[in-house]
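Here is a short briefing on one protein model. Keep the sequence and the structure in view while reading the points below.

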Amino acid sequence: MAGEIIHLNVGGTRFSTSRQTLTWIPDSFFTSMLSGRISSLRDETGAIFIDRDPKLFAVILNFLRTKEVELKNLNLSPLRHEAEFYGITPLVRRLVLCEDLDDASCGDVLFHGYLQPPSPPLPEGLDKQRSTSTTSLDVTDVVRVVGGSVVRVSETGAAAAASRSHSRNSSLDSRMCHSRQGSLDLRTRGHSRNSSADLRHSRTSSQDFSRLKMFDCGSSSTTVIVEPLRVTMVRGHHNWICVAYLHFVCCFRMKDSTGWHLIWVSPYMEIQVERIAINAKVLNPNQDHSNKMVAASFDSMIRLWNINDDGDCREIGVFNLNVSVDSLFFIGSQLVALSQTGKVGVWHSMTQHWQIQDVVPITSYDTAGSFLLLGCNNGSIYYIDMQKFPLRMKDNDLLVTELYKDPSNDMVTALSVYLTPKTSLSGNWIEIAYGTSSGTVRVIVQHPETVGHGPQLFQTFTVHRSPVTKVMLSEKHLVSVCSEYNHVRTWSVTRFRGMISTQPGSTPLASFKVVSLEDLDPQASYTAGNDFGPFGEQDDQQVFVQKVVPETDQLFIRFSSSGQRVCVIKSVDSSTISAFCVHECEGSNRMGSRPRRYLFTGHTNGSIQMWDLTTAMDQLSKEQKLSPGGPTPTELVHLLDQCDLSSSRSSTPCLSPAPSLVGGLPYTQFYNKLRTCHLASSSQNINSAAQDTGEDSEVQASQSREKSGYTEGASNTSTTNEKSSYWV
């Protein structure tokens with residue numbers, strides 16, 4: 001009966017209303033419940049019990065009565081969630097519209113540009129089967145890898161495989177998120193706990209398979225869903241950026257009046273790209289900068305290309321470091337490849353010569369001008385002057401010189417060099433800050449008048465109880481990060497005539513944490529593409545980029561000196577951010593233009609989005625108000641809803657970053673055994689325990705490829721064979 005009185009018990013609070021009020025919206029929770037299509041429970045008084053929030057239900061019931069809703073002092077997101085549960089479609093539509101008022105596909109004032117993904121190159125064996133007019137994989141392509149060869153499967157097979165992926169009984173993990181673009185995004189979880197892909201549904205439930213490939217590996221009949229256009233790394237140099245995808249790289253160039261353009265796409269590479277580097281100002285014999293160099297590494301191999309401004313490409317060669325490449329970068333015209341095992345590979349653009357030099361196992365590095373400084377596990381800091389490409393005449397080796405030895409012989413796990421401006425008063429005063437495996441931070445200086453006698457110890461800080469993973473010495477600040485919760489300590493630096501001064505010396509400035517959940521992804525490039533910084537020139541304010549969870553469309557930008565929040569970046573198309581970097585682009589040729597700092601974010605759909613950090617910092621300085629640091633508790637809980645912590649390495653998830661960030665240490669395997677602990681109690685305990693497990697650790701290290709060991713601005717990488725999800 002329409003006039004029947006219905007008594008409800010919602011979360012312990014009693015409500016009474018009419019059947020007509022509850023059922024005027026068809027196909028809702030209430031029509032199904034009152035018609036008997038879904039079962040219901042009753043309390044001792046006979047009222048229908050609903051185990052939901054009574055406060056939000058009161059708002060929904062008032063809407064059913066009056067068709068109006070009062071949003072004052074209400075959080076829209078929980079209310080929308082409840083309205084969706086009850087199936088109150090008119091209310092859901094209103095709330096969605098209210099939530100989208102501040103969101104637009106054009107972004108906010110900080111959004112600077114959107115670069116469409118390139119057409120991926122075809123594998124060498126596959127492109128011969130395609131017409132010359134087709135340059136990319138079809139939407140329905142399913143590629144099978146059988147015995148190392150690539151075979152294209154028919155569109156029918158692709159459709160069948162795609163339909164199978166939507167089976168309710170499949171191993172896919174369905175997670176709901178809301179995207180303005182309304183696309184279905186299937187993500188590879190690699191070695192995840194349940195080997196499942198992540199299904200994300202949009203408000204319109206439309207499907208987009210344009211980024212999907214499937215692989216059937218060997219005879220195991222295992223279908224692997226991959227994203228051929230997932231951005232894994234972004235690197236910038238001057239007005240060029242280099243973007244790495246799983247099996248190819250490409251370059252974009254910014255022109256003064258026409259903006260960014262896709263210039264070049266590499267050939268398809270069978271092995272996944274792990275490191276990239278770009279040099280946009282290669283000095284040629286003609287004394288021009290028309291040629292650029294791009295390098296990509298996979299395992300121990302390095303491919304190097306020469307590219308001109310028009311996109312014409314010439315492959316210079318393929319080089320072998322003989323061990324896995326952990327860092328790849330340019331110093332001037334020299335390409336440098338480093339391995340934590342203690343190998344340095346150098347290719348010189350003028351001599352066209354590739355050379356490998358064995359050194360002590362490397363645990364950190366930094367560059368300053370033409371100098372390459374190496375922090376090693378024996379407590380020493382070595383340097384190589386790349387400008388002269390120094391060779392010892394007797395045996396043609398690189399000239400590697402020991403610069404400093406740590407007084408405690410602790411491993412140098414983080415390194416930062418600051419070159420003061422050359423003046424007639426101070427000469428060239430070199431300052432070096434470094435961190436050790438025992439948590440000590442030291443500052444050493446090289447006086448112009450003491451060249452030849454080595455740097456002198458200037459200051460020592462023992463505020464960290466865990467190994468130091470990052471350190472940065474700039475004009476105004478000293479910043480250090482340890483492996484406990486990414487704990488950051490900062491000091492203000494006093495200078496006199498550009499030189500660091502002891503009066504009053506370095507004074508403590510801030511203490512905060514940059515908490516970040518790390519995805520144990522099988523891709524060796526994950527940490528390389530998601531390094532949180534600090535970013536920026538040493539004579540300017542630097543920033544951290546905090547990515548709280550691996551699968552997110554938000555980044556928190558914070559000052560490295562104070563931890564203060566600069567801004568929050570949110571993807572304009574709600575796609576997941578898979579890689580990022582901060583790069584300062586040169587100003588245009590117009591008078592008065594200045595370089596601007598941009599954040600480049602790479603996404604799982606292959607796009608690149610650009611954000612103007614210079615504007616963000618200018619706005620913050622004008623407002624002169626205290627802003628929060630990282631995510632607030634409410635923001636953090638919302639972000640953690642996007643990932644599963646139930647199978648973390650410890651019963652209470654440990655919020656420490658990867659101990660492998662201290663990498664390259666003989667103790668790496670021992671630290672891995674401590675991942676269920678919050679922190680090591682002291683360096684002495686670590687040393688004694690590592691000695692007890694020495695032989696076992698070496699055997700394990702030889703069996704698994706641990707890509708850690710670079711704690712400076714280079715790529716920190718950690719891979720594991722264990723099947724687990726996230727840890728902080």
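The protein exposes about 32400 Å², and carbon and sulfur atoms supply 50% of that area. The model is predicted. Of the 728 residues in the protein, 54% are buried.

**Overall make-up**
- The protein contains 13 helices and 46 strands.
- Among contacts with a separation of 6 or more, 56% are between residues 24 or more positions apart.

**Confidence of the prediction**
- The mean pLDDT of the protein is 74, and 66% of its residues reach 70 or more.
- Over residues 131-225 the pLDDT is below 50, and this stretch has 187 contacts in the model beyond near neighbours in sequence.
- The pLDDT also stays under 50 over residues 647-728, where the model has 206 contacts beyond four places in sequence.
- Which elements have the lowest and the highest mean pLDDT? Strand 10 (residues 198-201) has the lowest, at 33, and strand 14 (residues 240-244) has the highest, at 95.

- Four strands form an open sheet in the order 2-1-4-3, with mixed pairing.
- Strand 2 (13-18) and strand 3 (41-42) are the edge strands, and each pairs on one side only.
- Strand 3 and strand 4 (residues 48-50) run antiparallel and are joined by two bridges.
- Within this pair, R42 stands opposite I48 in strand 4.
- Helix 3 (residues 54-66) packs on the sheet and touches strand 1 (5-10) and strand 2. The direction of helix 3 makes about 10 degrees with that of strand 2.
- In general, strands of a sheet pair through backbone hydrogen bonds, either parallel or antiparallel.

**Two buried strand residues**
- E431 is found in strand 30 (residues 430-436).
- Is E431 buried or exposed? E431 counts as buried because its relative accessibility is 0%, and buried means under 20%.
- The side chain of E431 makes a polar contact with the side chain of R495, at 2.8 Å.
- Beyond its neighbours within four places in sequence, E431 is in contact with several residues, including Y418, I444, L473, R495 and M499.
- V545 is found in strand 40 (residues 543-546).
- V545 also has 0% relative accessibility, so V545 counts as buried.
- Leaving aside neighbours within four places in sequence, V545 is in contact with F532, F535, L555, F556, I557, F580, V582 and L599.
- V545 and D531 are 14 residues apart in sequence, and their C-alpha atoms are 8.0 Å apart in space.

**Backbone details in loops**
- A cis peptide bond joins G533 and P534, with omega at about 10 degrees.
- P534 has its place in the loop between helix 8 (526-529) and strand 40, the strand in which V545 is found.
- K67 is a residue other than glycine with a positive phi, near 60 degrees.
- Where is K67 found? K67 is in the loop between helix 3 and helix 4 (76-86).
- K67 has a relative accessible area of 47%, so K67 is partly exposed.
- H238, likewise a residue other than glycine, has a positive phi near 55 degrees.
- H238 lies in the loop between strand 13 (233-237) and strand 14.
- H238 counts as partly exposed because its relative accessibility is 21%, and the cut-off for buried is under 20%.

Conventions
Residues are numbered from 1 along each chain as its sequence is written. This is a predicted model: local features need pLDDT of at least 70, side-chain atom pairs count only at pLDDT 80 or more; totals for chains, interfaces and linings use all residues. Side-chain values use heavy atoms; hydrogens and water are left out. Buried means under 20% relative accessible area, exposed over 50%, partly exposed in between (1.4 Å probe, protein chains only). Contact means heavy atoms within 4.5 Å. Accessible areas come from the Shrake-Rupley method with a 1.4 Å probe; for residues, only the protein chains shown count as cover. pLDDT is the predictor's confidence in each residue, from 0 to 100. Two strands pair if DSSP finds at least two bridges between them. Axes are lines fitted to C-alpha atoms, for helices over the stretch in contact, and angles run from 0 to 180 degrees between N-to-C directions. A polar contact is a pair of N or O atoms within 3.5 Å; within protein, one must be able to donate a hydrogen and the other to accept it, and residues adjacent in sequence count only if both atoms are side-chain atoms.
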